[in-house]
Amino acid sequence: MNAVLSAQDENHDISCNVGFTQLGTPSSFNFGTGIINSAEDFQFLLQGINGEVKVVNMINYCGGFGNFLGCAPKPGNAMMVVRTSNRLEGVLWAHEFGHNQGLSHNSSSSKALMNPRIGRSTRTVDLQECDHFSNNNDSSEDS
Ligand SMILES: [Zn+2]
């Protein structure tokens, strides 16, 4: 995620320096099927997680039915993802974190990180999107 956001991949891409740090030890969960087929499944798996990433087996529902790599509340403080390739995983996690930070999809560029169709080359963010990524929700810097 750090590399995806901080790299300037295109001329119009902002180098957005956001530092993600893993806190705690990864652990597994042993309830449910790890498959999201409905809004109820999504809400069930979201219970009790705060600022966490839940890696699930399959996501068939994310506000609509389909086959999704990730799903995150907008805004929110947790996300669900499926495992994918190393190069795509950073993009996926950064994209879902963008939703957590209140960002909607951005179809203005096929290279936009927030494009609804992510891929290894969807890595660009604009200044406004970078501001969302940098917002900690606990700052009052207007003085
Ligand atoms: Zn999305």
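Predicted model: local features only at pLDDT ≥ 70, side-chain atom pairs only at ≥ 80, totals over all residues.
Residues are numbered from 1 along each chain as its sequence is written, and side-chain values use heavy atoms, with hydrogens and water left out.

**The zinc site**
- Three histidines hold the zinc ion through their NE2 atoms: His95, His99 and His105, at 2.0 to 2.1 Å.
- Donors here are N, O and S atoms within 2.8 Å of the metal (3.2 Å for Na, K and Ca), and water is not among the atoms, so sites may look incomplete.
- His95 and His99 sit four residues apart in helix H3 (residues 86–100), about one turn of the helix.
- Helices (H or I, at least four residues) and strands (E, at least two) are DSSP runs, numbered from the N terminus.
- Both of these, His95 and His99, are buried (under 20% relative accessible area; exposed is over 50%, partly exposed in between, with a 1.4 Å probe and protein chains only).

**The nonpolar cores**
- The largest nonpolar core has 18 residues, and Leu5, Cys16, Leu113, Val125 and Phe133 have the most contacts inside it.
- H3 gives this core its largest share, five residues.
- Apart from it lies another core of 12 residues, including Leu45 and Met80.
- A core means buried Ala, Val, Leu, Ile, Met, Phe, Trp, Tyr and Cys residues joined through side-chain atoms within 4.5 Å.

- Gly76 counts as partly exposed because its relative accessibility is 27%.
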